[in-house]
Amino acid sequence: MRLIIINGPNLNLLGKREPEIYGSESFDDIFNSLKDKYSSIDLEYYQSNIEGEIIDKLHEVGFNYDGVILNAAAYTHTSVGIGDAVKGIETSVVEIHISNIHAREDFRHQSYIAPNAKGVIFGFGVKGYELAIQSFL
Ligand code: DQA
């Protein structure tokens with residue numbers, strides 16, 4: 001099974017950024033434990049702060065991978081382009097958020113990805129990435 005985790009803007013700062021919301025682990029640490037635990041899966045990771053690069057990556061993987069785990073971060077709430085890319089590809093996308101976006105500001109309640117996602121996981125901290133992997137197994 002071939003899966004990719006795609007993280008959007010500011011998630012390169014995980015571990016340093018607002019740790020009370022997003023935790024104190026870096027994504028490298030999170031990713032390395034997932035690779036160890038799910039060694040039978042071909043698991044990749046991509047992060048970009050640039051909307052168009054996330055769209056390009058979705059196009060690149062969206063016809064030949066078994067699944068995409070997408071935390072589009074702030075673009076979730078603004079990007080028609082990423083929403084359209086998720087709609088346009090064949091690979092199933094699971095949307096994930098570390099925080100409970102529905103317990104936060106109103107602008108975080110809107111997602112352009114959710115209508116075309118296979119499912120949405122949010123509010124379980126960084127454990128959500130593992131829950132998303134399990135959803136594909
Ligand atoms: C986030 C939630 C978004 O609203 C926010 O802009 C992020 C991270 C999360 O994982 O909880 O950057 O996607």
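**A walk from A73 through the fold**

Let's start with A73: its relative accessibility is 11%, so A73 counts as buried. Buried here is under 20% relative accessible area, exposed is over 50%, and partly exposed lies in between, with a 1.4 Å probe and protein chains only.

Before we go on, friends, this is a predicted model: local features need pLDDT of at least 70 and side-chain atom pairs pLDDT 80 or more, while totals for chains, interfaces and linings use all residues. Residues are numbered from 1 along each chain as its sequence is written, and side-chain values use heavy atoms, leaving out hydrogens and water.

Back to A73, which sits in the loop between strand 3 (67–71) and helix 4 (80–88). Helices (H or I, at least four residues) and strands (E, at least two) are DSSP runs, numbered from the N terminus. Phi of A73 is near 50°. Most residues other than glycine have a negative phi. E18 is another non-glycine residue with a positive phi, about 35°. You'll find E18 in the loop between strand 1 and helix 1 (19–22), and at 35% relative accessibility E18 counts as partly exposed.

A73 also takes us to the ligand. Residues with a heavy atom within 4 Å include A73, A74, H77, H97, I98 and R108. A backbone N or O atom of I98 lies 2.7 Å from a ligand oxygen, and one of A74 lies 3.2 Å from a ligand oxygen. R108 brings a polar side-chain atom to 2.9 Å from an oxygen of the ligand. The protein covers 99% of the 320 Å² of accessible area that the ligand has on its own (Shrake-Rupley, 1.4 Å probe).

Now, which residues have the most contacts inside the largest nonpolar core? They are I5, L34, L43, I69, Y129 and I133, in a core of 22 residues. Such a core joins buried Ala, Val, Leu, Ile, Met, Phe, Trp, Tyr and Cys through side-chain atoms within 4.5 Å. Strand 1 (2–7), helix 2 (27–37), strand 4 (93–97) and helix 5 (127–136) each supply at least two of its residues. A second, separate core of 18 residues includes A72, Y75, I89 and A117.

Last stop: helix 3 (51–61), where I54, I55, K57, L58 and V61 are buried. These residues lie on the same side of helix 3, because they cover an arc of only 160° around the axis, taken from the directions to the C-beta atoms. The buried residues of helix 3 pack against strand 1, strand 2 (42–47), strand 3 and helix 4, with contact meaning heavy atoms within 4.5 Å.

Definitions and conventions
Polar contact = N/O pair within 3.5 Å; in protein donor to acceptor, adjacent residues only side chain to side chain.
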